Amino acid sequence: MISQLLEILQMSIVLVAIKMVVAVGVVLGAVPMLVWMERKVSARFQRRVGPNRVGPFGLLQSAADALKLMWKEDFFPNNTDRIVFLAGPLLTFLPGVIAFGMIPVGRASGAHFLGQGGVLAVSYLQMGLLGLLAVSSLASYGIAFGGWASNNQYSLLGGIRSSAQLISYEIVMVLSVLALVMTTGTFNLADIAQQQQGNVLPAWNLFTRPLTFLLFLIAAFAETNRAPFDLPEAEQELVGGYHTEYTGMRYAWFMLGEYAGMWAMCSIITTLFLGGWTLPHAWIDWIGAYPWYFEALVSFGVFIAKVVAMVFFFMWVRWTFPRFRWDQLMKLGWKTLIPIAIVNILLTAVAMEFGGWYVR
Amino acid sequence: MSADMTPQTPQTETATEAAIETPAPRLLTRTVLKTSQKMSWVTRIYLPMLLKGLMISLREFFRKPVTFNYPEQRPKVSERFRGEHRLTKDDEGKMKCVACYMCATACPAHCITIEAEAAPPEWDGRDKIPRVFEIDMLKCIYCGYCVEACPKEAIEMTNKVPQVYQTRQEFIYDREKLLAN
C-alpha cells in the first residue's frame, strides 16, 4: 500500500519535473531564436541581409551576443538599492516562463498516464485564463523596479511609463477577455482551444470575434511593451529607458524578459484566438491511428507554428508603425479602446441573446 | 476677423494686414489645406490605413536586399574611381619611379614612405630608384594628389576598392605589391 503510494508520488514528481524542464527549455530555447528572428525580420523589412556571420544564416548570433554580454563589466550605479536593482531583470523574465507554463501546448489523447485528458501543459488549471491575466502583468513590476533602482531620471521615467501603460491597457485586455469568456463559458484554456477546432474549416475566435481579437491584440502590444507602444524604452527620448543603467548579463535578462513576455503573449493569443494546438477534424483525424507521442509532437508543432506566425506579426507591426506619443497612448487607451471594449461586451451579449450559434 | 472684435493694439492690426498682403509660403498653404479637409470615416478609424501600411512593409519584406556582403562582395565602381594605388612600369618593364619624393611631399596624409637608392648603371636616364616605397592604406585618404604631383606618371590610381585586412601591418603596401597592383 505504502510502496504503491510512493510509486505514484514518484511518478507524478518525475512527470512534473519533466514537464517543467521542457517548458523552461522551450522558453529559454525560443528566446534566442526570437532575438535572431527579430534581427533577421527587421533586416528584411529594411531590405538588408541581417546577421549572417555566426553559424548558418547567423543562427548562432544570439549565442555570440550572450557570450559577449557575460564578459562585460558588472556595473552598479552609485546609491542604488541593490536588491531591487537585481530583482528588476529577474522579475521581468519570470512571468513569461510562468505564463507559458499555464498554457496548454498540445494534446496526446492516448496518453492516459498524463491525466488531464492528455492535455500537454505544465499546470493544467481550470482557471488558467485568470491565472494568465494575473501573471502576465507582473512583468511591469520588474521594469518599474529596475527603473526606480537605477537612480536615473530616464530609467525612472521608463519605469513609470511602463506602469501607467500597463494599468491603462490591462483594463482593455480584461474587458476583451470578458467578452470572450461570456461566450466560451469556461476559463479553462484547453477547453477554449478545443472549442475552436471546427470540422472542415478552423472555427477560430479570430474569425468569429474579430473586434474582441483586435482589442486583445492592441492591449497585448501595450502589455509586452512592443512597438508601437514601446514607450518605456523609447530610445530617442529616454536614452535606454528602464535599462539605461544595466550592463552585461543583467541587461541580457531584460532582453530575455522582453522576448519571453512576447513569446508568452503570442502563446496566449494563439490559445484564445487561433485555436491553440488544434487543427480542424477533417485535417487531423487520421492521427488517431498513430501512437500518442506522434499526436503529441504534431499538436505541439502546430502550436509552435501558430505562435511563431503570431510573433512574426508582432515584429511586422514593430517595423512598420511609428511609436505613439505619450498623450496619444493614454488617449487611445482610455477614450477609445475602453469604450469600444464595453460596447463589444454589449454586442456580445446581444449576439448571445439572439443568436444561439454565437455561444460556444 | 469679425467686425465686432475690437482692435487690441495698432501693432497687431498692422501685423494682420501684412499677413494678408504677403502670400503665405507654399508649404504652409498646403499644410493648412490638408488639415482643414474633413477626414472620411475610413481614415478616422485608422484600421484600413494601418493595413495599407502593413502591406507596404510586407512588400518590402519580400524584395531583394539592396545591401551586399561587403568584404566578400565588392561594390561596382566606375572606371574613374580612385581606389588603390599602382606603380607603373615603362615599356621595358622597369618601374618608372625615380624616387623624387614629389608624391610623398604632396601627400596631405603623410602616408607615403620612400627610401631612395642609386639606380642600377644599366638603367640610363635616371639617378635613383626607390629601395622602399610604402603606402599606408589606413592613412591614405585617396585624394589623388600623389598622382597629380608625379612628374613621371609613375604612380596612378586603380579602380580597385580598398581592401580589408585583419592586422594593421597588412594595410602597408610595399613596392612589389604596388607594382603588381
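User: Before counting, how are helices and strands defined here, and how many helices and strands are there in chain B?

Analyst: Helices, of at least four residues, and strands, of at least two, are DSSP runs numbered from the N terminus. The structure is a predicted model. Read along its sequence, chain B follows the pattern α-α-α-α-β-α-β-β-α-β-β-α. The count for chain B is seven helices and five strands.

User: In what order do the three strands of the open sheet in chain B stand?

Analyst: The edge strands are β2 (112-118) and β5 (172-173) of chain B, each of which pairs on one side only. Strand β3 (residues 128-136) of chain B pairs with β5(B), and β2(B) also pairs with β3(B). The pairing in this open sheet is antiparallel, and the order is β2-β3-β5.

User: Over how many bridges do β2(B) and β3(B) pair?

Analyst: Strands of a sheet pair through backbone hydrogen bonds, either parallel or antiparallel. One of the paired positions is B:A116, whose bridge partner in β3(B) is B:P130. The two strands β2(B) and β3(B) pair in the antiparallel sense, and the number of bridges is seven.

User: Which residue of β5(B) stands opposite B:D136?

Analyst: β3(B) and β5(B) pair in the antiparallel sense over two bridges. B:I135 stands opposite B:Y173 in β5(B). The residue of β5(B) opposite B:D136 is B:I172.

User: Are helices α3(A) and α11(A) roughly parallel or roughly antiparallel?

Analyst: The axes of helix α3 (residues 82-102) and helix α11 (residues 248-273), both of chain A, come within 7 Å and cross at roughly 25°. Angles under 35 degrees count as roughly parallel. Therefore the relation of α3(A) to α11(A) is roughly parallel.

User: How many nonpolar residues does the contact of α3(A) with α11(A) have?

Analyst: α3(A) passes α11(A) in a left-handed crossing. Among the residues that make the contact are A:L90, A:F93 and A:V97 of α3(A), and A:W253, A:L256 and A:A260 of α11(A). By class, the contact has one charged residue, five polar residues and, as the value asked for, 13 nonpolar residues.

User: How many charged residues are on the side of chain A that touches chain B?

Analyst: The contact takes nine residues from chain A and 11 residues from chain B. On the side of chain A, five residues are nonpolar and one is polar, and the number of charged residues is three.

User: What percentage of the residues in chain B is buried?

Analyst: A residue is buried if 20 or more other C-beta atoms lie within 10 Å of its own. Of the 181 residues in chain B, the buried share is 12%.

Methods:
Residues are numbered from 1 along each chain as its sequence is written. Chains are lettered from A and ligands numbered from 1 in the order in which they are written. This is a predicted model: local features need pLDDT of at least 70, side-chain atom pairs count only at pLDDT 80 or more; totals for chains, interfaces and linings use all residues. Axes are lines fitted to C-alpha atoms, for helices over the stretch in contact, and angles run from 0 to 180 degrees between N-to-C directions. Angles under 35 degrees count as roughly parallel, over 145 as roughly antiparallel, 65 to 115 as roughly perpendicular and the rest as oblique. A crossing is left-handed if the near helix is turned anticlockwise from the far one by less than a right angle, and right-handed if clockwise. Two residues are in contact if their C-beta atoms, placed from the backbone, lie within 7 Å. Ala, Val, Leu, Ile, Met, Phe, Trp, Tyr, Cys and Pro count as nonpolar, Asp, Glu, Lys and Arg as charged, and the others, Gly among them, as polar. Two strands pair if DSSP finds at least two bridges between them.
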